[in-house]
Amino acid sequence: MMLTDAASPRNYADNRYWTMWKLPMFGCSDPSQVLSEISKCSKAFPNSYQRLVAFDNKKQVQIISFLVQRPRGAQDYCPIEERSVSGM
């Protein structure tokens, strides 16, 4: 779990470094532990962007990363019904 106060990236180097919430959860196989840490981080930092990052322990590479929280007043969010890939 990682967090930052920065808004969406403006330049190439912006938003590249995030603060870790705590040490990685090596060997965690219980999803409820992950959800519990997300909840604790959200309560401790309600006005931060929070990102979950998962790694493959065999290949030693990042396999997934996504936002789990945006600040309440974030202006960079677009509702799903307003998103479009085709530009319609």
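Two strands pair if DSSP finds at least two bridges between them. I take strands (E, at least two residues) and helices (H or I, at least four) as DSSP runs, numbered from the N terminus.

I note that this is a predicted model, where local features need pLDDT of at least 70, side-chain atom pairs count only at pLDDT 80 or more, and totals for chains, interfaces and linings use all residues. Residues are numbered from 1 along each chain as its sequence is written, and side-chain values use heavy atoms, with hydrogens and water left out.

**Overall fold.** I looked up the elements and found one helix and four strands. Their order along the sequence is β-β-α-β-β.

**Burial.** I checked how much is buried (under 20% relative accessible area, 1.4 Å probe, protein chains only). The value is 18% of the 88 residues.

**Glutamine 50.** I found glutamine 50 in strand E3, residues 49–56. Is glutamine 50 buried or exposed? Glutamine 50 counts as buried because its relative accessibility is 0%. I then looked for polar contacts (N or O atoms within 3.5 Å; within protein, one must be able to donate a hydrogen and the other to accept it, and residues adjacent in sequence count only if both atoms are side-chain atoms). The side chain of glutamine 50 makes one with the side chain of serine 42, at 3.1 Å.

**E3 and E4.** I followed E3 to strand E4, residues 61–69; the two pair antiparallel over seven bridges. Glutamine 69 in E4 is the bridge partner of glutamine 50. The E3–E4 hairpin has four residues between its strands. There, I noted glutamine 60 with a positive phi near 60°.

Technical notes. Buried < 20%, exposed > 50% of the residue type's maximum accessible area, 1.4 Å probe, protein only.
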